[in-house]
Amino acid sequence: MYNVKICKTPGNDDLSLPKQMSAAAAGFDLTAAVEEAITIAPGEWKLIPTGISLEMPEQLEAQVRPRSGLALKHGITLMNSPGTIDADYRGEVKVILHNLGHAPFIVHRGERIAQLVFQMLPQVKITEVAELSSTVRGAGGFGHTGK
């Protein structure tokens, strides 16, 4: 088990810490730390603060992902999904909400807006080579196998 430390940013003591909504949930829900309601018009995106900062072990990254309910019911997703929070970042976690729906979406203080999923990072060494080994697929991509 990894210990992730969370610090609430000033003025956000009333907000809950990220939490899993079920025992087997992969994500920890993030809440909006807006001072007053913010409206996101269809096609718009806005940066929404969450009121928290993280400190996690270097073996982890935190991914900010959309909430499926907001996507299905309102067309709300994240502009950079998944967003990555590196282990050495100590600033406030913020979420770029994007309204792909047909109606304005209002973000209220304390509303669950995204989820945080922690991932282990493998140790990777990059090695430059003159050529790569061949495979049956080769360089095929972007739907080359059909629809």
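**Entry 1: Arg-109 and Asp-14**

I started at Arg-109, which is partly exposed, with a relative accessible area of 29%. I note here that the model is predicted. I then looked up Asp-14, which counts as exposed because its relative accessibility is 54% and the cut-off for exposed is over 50%. Next I checked the contact between the two side chains: Arg-109 and Asp-14 meet in a salt bridge, at 2.7 Å from N to O. The two residues belong to distant parts of the chain, 95 residues apart. I placed Arg-109 in the loop between strand 9 (105-107) and strand 10 (112-120), and Asp-14 in the loop between strand 1 (5-8) and strand 2 (28-31).

**Entry 2: The other salt bridges**

How many salt bridges does a search of the whole structure find? The search gives four. I wrote down the ones that involve Asp-29.

The side chain of Asp-29 meets that of Arg-67 in a salt bridge of 3.9 Å, N to O. Asp-29 is in strand 2 and Arg-67 is in the loop between strand 5 (60-65) and helix 1 (68-74), so this pair ties together parts 38 residues apart in sequence. I checked burial for both: Asp-29 and Arg-67 are each buried.

Asp-29 also meets the side chain of Arg-112 in a salt bridge, here at 2.6 Å, N to O. Arg-112 sits in strand 10 and Asp-29 in strand 2, so the pair ties together parts that are 83 residues apart in sequence. I compared the accessibility of these partners. Arg-112 is partly exposed at 32% relative accessible area, whereas Asp-29 has 9%. Asp-29 is called buried because its value of 9% falls under the 20% cut-off.

**Entry 3: Aromatic rings**

I searched for aromatic pairs and recorded one in the structure. The rings are those of Phe-28 and Phe-118, with centres 5.8 Å apart and planes at 75°. I call the pair edge-to-face because its planes stand at 75° and the class begins over 60 degrees. Phe-28 is in strand 2 and Phe-118 in strand 10, 90 residues apart, and the pair links distant parts of the chain.

**Entry 4: Strand 5 and its partners**

I went through strand 5 for burial. Five of its six residues are buried, so strand 5 is largely enclosed by the rest of the structure. I then looked up its pairing. Strand 5 runs antiparallel to strand 10, and the two pair over six bridges.

**Entry 5: A cis peptide bond**

Pro-82 is in the loop between strand 6 (76-78) and strand 7. The peptide bond from Ser-81 to Pro-82 is cis, with omega near -5°.

**Entry 6: Cavities**

How many cavities of 30 Å³ or more are there? I count one by this rule. The largest cavity has a volume of about 40 Å³. I listed its lining as Lys-8, Asn-12, Leu-15, Ser-16, Thr-31, Thr-50, Gly-51 and Ile-52. By class, I have two nonpolar, five polar and one charged residues in this lining. Which element gives the most to the lining? I find that strand 4 (residues 45-55) does, with three residues.

**Entry 7: Leu-54**

I stayed with strand 4 to look up Leu-54, which lies in that strand. Leu-54 counts as buried because its relative accessibility is 4%, and the cut-off for buried is under 20%. I also looked up its separation from Val-124. The C-alpha atoms of Leu-54 and Val-124 are 24 Å apart, and the two residues are 70 residues apart along the chain.

Key: Residues numbered from 1 in each chain as written. Predicted model: local features only at pLDDT ≥ 70, side-chain atom pairs only at ≥ 80, totals over all residues. Heavy atoms only, no water. 1 Å grid on protein atoms, 1.4 Å probe; cavity = no way out; pocket = protein on both sides within 12 Å on 5 of 7 lines; lining within 4 Å. Points joined across faces, edges and corners; volume = space filled by probe spheres on them. Helix = DSSP H or I, 4+ residues; strand = E, 2+ residues; numbered from the N terminus. Nonpolar A, V, L, I, M, F, W, Y, C, P; charged D, E, K, R; others polar. Buried < 20%, exposed > 50% of the residue type's maximum accessible area, 1.4 Å probe, protein only. Phe/Tyr/Trp six-rings, centres within 6.5 Å; stacked < 30°, edge-to-face > 60°. Pairing = 2+ DSSP bridges.
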